[in-house]
Amino acid sequence: MTRAGSVLIADDDRAIRDSLERALRLEGYRVRTAADGVEALAEVHGEPVDLLVLDVMMPGVDGLGVCRVLRKEGDRTPILMLTARVETSDRVAGLDAGADDYLPKPFELEELLARLRALLRRASPAAEEGAVEPLQVGDLRMDPGSRRVWRGGQEVELSKTEFDLLELLVRNAGIVLDHPTIYDRIWGYDFGPESKNLAVYISYLRRKLEPEGASTLIHTVRGVGYTVRPQETG
């Protein structure tokens with residue numbers, strides 16, 4: 001498979017670990033596994049991988065801890081977090097730790113594979129080719145080349161998925177993008193009307209880009225989707 005790469009799966013549930021390893025190997029991925037966070041960190045430090053799949057709840061160092069350590073070290077390897085928790089705040093905690101995406105358990109294998117393909121695609125240098133012109137909407141400025149974002153002169157740290165989502169909205173500023181279009185462009189897969197994945201990422205972008213006192217930048221068009229435009233005044 002041309003898009004397959006190396007993946008580390010860290011999960012203390014051996015059945016999940018083994019089944020994911022078999023499935024990913026069939027898709028052409030080179031797979032390594034770890035039973036806890038300490039082992040996962042040792043594996044990554046010993047030999048880097050292209051993707052990480054981390055279970056949130058692991059003994060010792062959990063998935064959030066692994067993510068925080070790697071990000072603090074400057075490791076930008078794409079991370080997909082697996083969580084049995086269903087509350088939005090719990091999922092956001094994974095994004096706050098530096099994860100690029102999350103997937104609630106139980107999950108469909110096809111959805112996990114789609115998420116991995118999207119993360120791998122966005123992490124490849126080819127994904128950034130050609131997009132070198134700075135983008136600006138109101139007081140928001142983006143530099144696609146360096147993947148940096150500023151709001152009102154203040155730099156904002158975004159994960160890969162957050163950046164890609166914001167870039168898509170900014171490049172289509174003033175245009176309402178519906179849910180299927182966004183899912184297809186960012187994840188390469190429409191997760192259906194019941195999925196809350198997009199809503200979580202939008203809420204997280206708002207938390208980062210629209211702190212208290214800041215004007216609204218990302219607007220919801222109910223029943224349709226989302227758009228970026230400066231807040232109208234007057």
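In which strand is D55 found? D55 is found in strand β3, residues 51-55. The model is predicted, so local features need pLDDT of at least 70 and side-chain atom pairs count only at pLDDT 80 or more, while totals for chains, interfaces and linings use all residues. Residues are numbered from 1 along each chain as its sequence is written, and side-chain values use heavy atoms, with hydrogens and water left out.

**Overall content**

The protein chain has 8 helices and 12 strands. Both are DSSP runs numbered from the N terminus: helices are H or I with at least four residues, strands are E with at least two. Of the 234 residues in the protein chain, 47% are buried. Buried means under 20% relative accessible area, exposed means over 50%, and partly exposed lies in between (1.4 Å probe, protein chains only). Among contacts between residues at least 6 apart in sequence, 57% join residues at least 24 apart; contact means heavy atoms within 4.5 Å.

Helix α6 covers residues 160-171. At 1.5 Å a residue, its 12 residues should span 16 Å, and its end C-alpha atoms are 16 Å apart, which agrees. The expected span is 1.5 Å times one less than the number of residues in the helix. α6 is mostly covered, with 11 of its 12 residues buried. The buried residues in α6 are K160, T161, E162, F163, D164, L165, L166, E167, L168, L169 and V170.

| Pair | Angle | Axis distance |
|---|---|---|
| α6 and α7 (residues 179-186) | about 130 degrees | 10 Å apart |
| α6 and α8 (residues 197-209) | about 85 degrees | 10 Å apart |
| α2 (residues 37-46) and α3 (residues 63-72) | roughly 30 degrees | within 9 Å |

Axes are lines fitted to C-alpha atoms, for helices over the stretch in contact, and angles run from 0 to 180 degrees between N-to-C directions. Angles under 35 degrees count as roughly parallel, over 145 as roughly antiparallel, 65 to 115 as roughly perpendicular and the rest as oblique.

α6 and α7 pack at an angle of about 130 degrees, which makes α6 oblique to α7. The crossing of α6 and α7 is right-handed. A crossing is right-handed if the near helix is turned clockwise from the far one by less than a right angle, and left-handed if anticlockwise. On the α6 side the contact uses T161, D164, L165, L168 and L169, and on the α7 side I182, R185 and I186. By class, the contact of α6 with α7 has 5 nonpolar, 1 polar and 2 charged residues. Here Ala, Val, Leu, Ile, Met, Phe, Trp, Tyr, Cys and Pro count as nonpolar, Asp, Glu, Lys and Arg as charged, and the others, Gly among them, as polar.

α6 and α8, at about 85 degrees, are roughly perpendicular to each other. T161, E162, L165, L166 and L169 of α6 meet L198, Y201, I202, Y204, L205, K208 and L209 of α8. The residues of this contact divide into 9 nonpolar, 1 polar and 2 charged.

**Helices α2 and α3**

The axes of α2 and α3 cross at roughly 30 degrees, which makes α2 roughly parallel to α3. α2 passes α3 in a right-handed crossing. G37, L41, V44 and H45 of α2 make the contact with V66, V69 and L70 of α3. By class, those residues are 5 nonpolar, 2 polar and no charged.

**Two buried aspartates**

D100 is in the loop between α4 (88-96) and β5 (101-104). D100 counts as buried, at 0% relative accessibility. The C-alpha atoms of D100 and K160 are separated by 5.8 Å, although the two are 60 residues apart along the chain. Leaving aside neighbours within four places in sequence, D100 is in contact with R71, T77, P78, I79, L119, S159, K160, T161 and Y201.

D55 is buried, with a relative accessible area of 4%. Not counting residues up to four places away in sequence, D55 touches A10, D11, D12, G63, L82 and K105.

**Backbone details**

The peptide bond from K105 to P106 is cis, with omega near -10 degrees. P106 is in the loop between β5 and α5 (109-123). R147 lies in the loop between β7 (140-143) and β8 (148-151). Although R147 is not a glycine, its phi is positive, about 55 degrees. R147 is partly exposed, with a relative accessible area of 23%.
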